[in-house]
Amino acid sequence: MCNVAKVEKIAQKLVYAYASSSEDEGELDEKQILDQLYKHYQPTSGRSSGKPGSDKDVARTTTFLENTLHSGAATCLICIGSIRRVEPIWSCESCYCFFHLNCIQRWANDSMMQMKVRAEQQNGNQNQGHYNHLGEFVPPKRQKSLHWCCPQCRMDYQPAEKPTQYNCFCGKEENPQSQPFLVPHSCGEICKKLLQPKCGHDCKLLCHPGPCPPCAQQAQVSCLCGKSTPRSMRCIDKQWKCQQACKELLACGKHRCSQVCHRPGQCPPCSSKSNQPCECKRESKVVSCSDRKWKCTNICGATFACGLHTCEKVCHAGPCGGGECPLEVKTCPCGKNSQMRPCNEAVETCGDTCQKLLSCGQHSCTQRCHRGNCISCPVRTKKKCRCGLHEKELPCSKEHTCETKCKQMRDCGKHACNRKCCGDQCPPCEKICGKQLSCNKHKCQSVCHNGPCYPCKLESQINCRCGKTRRSVPCGREKSARIVCLELCRLPLV
């Protein structure tokens, strides 16, 4: 009995496999499927021909449809196997290429694992940059973020975008069932994806592979300048130009725009040239109309009403401050009181407290209004030294420094700072490196540094075997350098 049950189970599997394969390889009514697919989409050139795929703008979509209607026409680029109509697939958002779902999942996992291993190897090697043969420092390569890409177009996808389930082309239905009257892997609903370029309409085709065809809706639109009568145009061709010239008056007020049909108010700058005066009207020259406002190098020199001072501005338009001398409005030294006085008279102090902020930046001046600089801050406060180890009462304007030497290492990581009262601001190391260079003849003369030293900058002379040809090579490469001698060899054979 047990053997009979096993045989029946095996037979059922074979029958199911045969039924699924025969269903997959069965012929589909392509004409009926295409008519149903394009029922809500009417291209302009397709109306006369009667073929919805005859419009050249939808040829790319038609190609993807043919690959899905013919079983085995589409090939998975990962396993190089045919994609049957009943197998779960995934399509790229950029190139719309089909792949088996399990193949693309394995591809994404392998790609991200290789990136992780490569990043761990770089971190293990402590890639901190290096010096090239010219002595220039080459910084380490920046590590790329973890991602995987499409096997065909190489579009990058994030780890969260790895496909985990089988969806229809428009993404509305999971695990769509294969129907003989629908496009394989389709849910049969209207696509409704926003069309590109964006025009405000969505795709009217049923759920389909490949890119959405361009918008086929008609609209009555005028040209950019609005002078021509509206035309019936396709939605994607709404911005069209007539052949009439703009002829609007440009900003220069002398010439008119000669450009063909553009939006109002977007005329280009005038390209003509004319004789224009400068702002002070003293000089004139031929300049572009778009740059008609220009300044010469003459100082104004106009005398103010006081008769003592003159305007020192360079080439300006309009009066010089109304003719009144700007030095007549004066303030007292502390700046609290202002008054009108002749420009040749000095203003007196006001007798109020100065209250200007002193150089310490914390206290204000307590003297009466005075001329000249304020005194140093006399307030005594407790101040810490720069390194913060000692505290002392000093005038606010003085800096407190102690005699303690800093024991921190400098930026080279080899020598101590030893500066008095450093305060965590150690200067760069000034000692000579002195390391043996790669040539094993000279020592590094650069300032003490981290990382490898620059290659030796000196040169050495090498001779050929007969001594007639010489060549200069970088120091340390005398043994590895090759020299070609064109002279006839005169050395005796050994």
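Student: Let's start with a cysteine. Leaving aside its neighbours within four places in sequence, which residues is Cys456 in contact with?
Tutor: Keep in mind that this is a predicted model. A contact here needs heavy atoms within 4.5 Å, and neighbours of Cys456 within four places in sequence are left aside. That leaves Leu437, Cys439, His442 and Cys475.

Student: How far apart in space are Cys456 and Cys439, C-alpha to C-alpha?
Tutor: In sequence, Cys456 and Cys439 are 17 residues apart. Cys456 itself lies in the loop between S16 and S17. From C-alpha to C-alpha, the spacing of the two is 6.8 Å.

Student: Does Cys456 count as buried or exposed?
Tutor: Buried means under 20% relative accessible area. The relative accessibility of Cys456 is 13%, so Cys456 counts as buried.

Student: And Asn440, buried or exposed?
Tutor: Asn440 is found in the loop between strand S16 (391-395) and strand S17 (459-463). It has a positive phi, near 60°, in a residue other than glycine. Exposed means over 50%. Asn440 comes to 59% relative accessibility, so it counts as exposed.

Student: Back to cysteines. What separates the C-alpha atoms of Cys334 and Cys354?
Tutor: Cys334 is found in the loop between strand S13 (329-331) and strand S14 (338-340). Its contacts, leaving aside neighbours within four places in sequence, are Cys350, Cys354, Lys356 and Cys369. Cys334 and Cys354 are 20 residues apart along the chain, and their C-alpha atoms are separated by 5.3 Å.

Student: Is Cys334 buried or exposed?
Tutor: The cut-off for buried is under 20%. Cys334 has 11% relative accessibility, so the label is buried.

Student: Which residues does Cys242 contact, leaving aside its neighbours within four places in sequence?
Tutor: Cys242 lies in the loop between strand S10 (231-234) and strand S11 (273-277). At 6% relative accessibility, Cys242 counts as buried. Val260 is 18 residues from Cys242 in sequence and 7.4 Å away in space, C-alpha to C-alpha. With those neighbours left aside, the contacts are Cys223, Cys225, Ser228, Val260 and Cys261.

Student: What does UniProt list for residues 412-431?
Tutor: Over residues 412-431 the chain is 0% helix and 0% strand, with end C-alpha atoms 10 Å apart. Residues 360-379 also show 0% helix and 0% strand, with their end C-alpha atoms 10 Å apart. Both stretches are among those listed in an unreviewed UniProt entry, under the name "domain: NF-X1-type".

Student: Now some rings. What kind of pair do Trp90 and Tyr157 make?
Tutor: A search of the whole structure finds five aromatic pairs. Planes over 60 degrees apart count as edge-to-face. The ring centres of Trp90 and Tyr157 are 5.6 Å apart and the planes are at 75°, so the pair is edge-to-face.

Student: How many residues apart are Trp90 and Tyr157?
Tutor: Trp90 sits in strand S3, and Tyr157 in strand S8 (residues 156-157). Both Trp90 and Tyr157 are buried. The pair links distant parts of the chain, and the separation is 67 residues.

Student: Where does the largest share of the lining of the largest pocket come from?
Tutor: The largest pocket has a volume of about 760 Å³, and 31 residues line it, with Ser91, Cys92, Glu93, Phe169 and Lys193 nearest its centre. The elements giving two or more residues to that lining are helix H4 (59-69) and strand S3 (89-91). The largest share is three residues, and it comes from S3.

Student: How many nonpolar residues are in that lining?
Tutor: Split by class, the lining has nine polar and five charged residues. The nonpolar class comes to 17.

Student: Last one: what share of the protein chain is buried?
Tutor: The secondary structure of the chain comes to five helices and 18 strands. The chain has 494 residues, and the buried share is 29%.

Methods
Residues numbered from 1 in each chain as written. Predicted model: local features only at pLDDT ≥ 70, side-chain atom pairs only at ≥ 80, totals over all residues. Heavy atoms only, no water. UniProt positions renumbered as here; feature names shortened; annotations may be inferred. Helix = DSSP H or I, 4+ residues; strand = E, 2+ residues; numbered from the N terminus. 1 Å grid on protein atoms, 1.4 Å probe; cavity = no way out; pocket = protein on both sides within 12 Å on 5 of 7 lines; lining within 4 Å. Points joined across faces, edges and corners; volume = space filled by probe spheres on them. Nonpolar A, V, L, I, M, F, W, Y, C, P; charged D, E, K, R; others polar. Phe/Tyr/Trp six-rings, centres within 6.5 Å; stacked < 30°, edge-to-face > 60°. Buried < 20%, exposed > 50% of the residue type's maximum accessible area, 1.4 Å probe, protein only.
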